[in-house]
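Please examine the following model with attention to its sheet and its aromatic residues.

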Amino acid sequence: MTDKQASVYAERFDRVFDYIERHLDERVSIEQLSELACFSAFHFQRQFSAYVGMSVVRYIQLLRLRRASYQLVFSEQRRIIDIGYEAGFENPESFTRAFKRCIGQTPSQFRNQPAWQPWNERMPLPERERGSLMNIQIVDFDETMVAVLEHRGAPERLLASVKVFIDWRKQSGRSPNASRRTFGVPYDDPATTPADSFRFDICSEVHSAVADNPQGVITKSIPGGRCAKLRHLGSTDRISESVYPLYQEWLAESGEELRDFPIFFHYLKRLPEVAEHEQITDIYLPLK
């Protein structure tokens, strides 16, 4: 298969992935998906399994269980039985069996003490075709004071740190609102950094210094200056699909030089306020 053929093939599957994500609460037929991808309905299921590594039915259930996982941890006011119904299960018993079989914990166990590392291993998303980098802007970012929880350790444990940071925001009265932006600063590439050496700052904009607190949240600042800005649409688990081309393609051709500060993310729409595929993240690459 040539590069062009592979790209066309990937674009067809991207249409299928997008459709499934937008209609996760509906009954989706193989005929609908095969027609969308312009594949024969007789061969589509085998093509999908070969491309994704799992069947269509298993993939849809995976997405529903991913959503249920986030709801269990970050939407504590929602009842487990309602989360199970929304995930497509007819009764609590079938939801509990499927959840435990897939993740290794019951929904109650996951809500109380989520095992994020095995969750990441068992809940992978298929890679997507890289998006266009034509929409990169050069902008001036103003220096911003932020409250920071310094995550240090395996990337798979990042969501556990996010939960701690959310608890601090609630307890401190600094919950997100229109005037407080949320950022992430990855100091290391999770694909090349030993797990126990990975560093990531979970940040929220503040207008005054942070008081001492049991969660260990401190005050820092994101420095101002010129940045290349690129918008990433969809799951933050796929953000590398936007980050790597920004370095490998755009930076190499732009003639720009990097400033001594890591790339950072501004989360405009994020879980649990929106569905995973509806997330919007602006990526900032600091420039001289």
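The questions and answers below concern this predicted model.

Q: In what order do the eight strands of the open sheet lie, and which are the edge strands?
A: The eight strands form an open sheet with antiparallel pairing. Their order is β1-β6-β8-β7-β3-β4-β2-β5. A strand at the edge pairs on one side only, and this applies to β1 (137–141) and β5 (218–222).

Q: Which residue in β8 stands opposite cysteine 227?
A: Strand β6 covers residues 225–233 and strand β8 covers residues 280–286. The two strands pair in the antiparallel sense over seven bridges. In β8, the residue opposite cysteine 227 is proline 286.

Q: At about what angle to β8 does helix α10 run?
A: Helix α10 comprises residues 240–254. The helix lies across β1, β6, β7 (264–269) and β8. Relative to β8, helix α10 runs at about 35 degrees.

Q: Is phenylalanine 265 buried or exposed?
A: Phenylalanine 265 lies in strand β7. Among the residues that phenylalanine 265 touches are Phe183, Phe200, Val243 and Ile283. Its relative accessible area is 6%, and a residue under 20% counts as buried. Phenylalanine 265 is therefore buried.

Q: What kind of aromatic pair do phenylalanine 183 and phenylalanine 264 form?
A: A pair of aromatic rings is described by the distance of the centres and the angle of the planes. For phenylalanine 183 and phenylalanine 264, the centres are 6.4 Å apart and the planes stand at 65 degrees. Planes over 60 degrees apart count as edge-to-face. The pair is therefore edge-to-face.

Q: Which strands hold phenylalanine 183 and phenylalanine 264, and how many residues apart are they?
A: Phenylalanine 183 is buried at a relative accessible area of 1%, and phenylalanine 264 counts as buried at 1% relative accessibility. Their pair links distant parts of the chain. Phenylalanine 183 is in strand β3 (residues 182–186) and phenylalanine 264 in strand β7, 81 residues apart.

Q: Which residues form one aromatic cluster?
A: A search of the whole structure finds 27 aromatic pairs. The members of one aromatic cluster are Tyr70, Phe74, Phe89, Phe95, Phe99, Phe110, Trp116 and Trp119.

Technical notes
Residues are numbered from 1 along each chain as its sequence is written. This is a predicted model: local features need pLDDT of at least 70, side-chain atom pairs count only at pLDDT 80 or more; totals for chains, interfaces and linings use all residues. Side-chain values use heavy atoms; hydrogens and water are left out. Two strands pair if DSSP finds at least two bridges between them. Helices (H or I, at least four residues) and strands (E, at least two) are DSSP runs, numbered from the N terminus. Contact means heavy atoms within 4.5 Å. Axes are lines fitted to C-alpha atoms, for helices over the stretch in contact, and angles run from 0 to 180 degrees between N-to-C directions. Buried means under 20% relative accessible area, exposed over 50%, partly exposed in between (1.4 Å probe, protein chains only). Rings of Phe, Tyr and Trp (its six-membered ring) pair if their centres lie within 6.5 Å; planes under 30 degrees apart count as stacked, over 60 as edge-to-face and the rest as tilted. Lists of a residue's contacts leave out its neighbours within four places in sequence.
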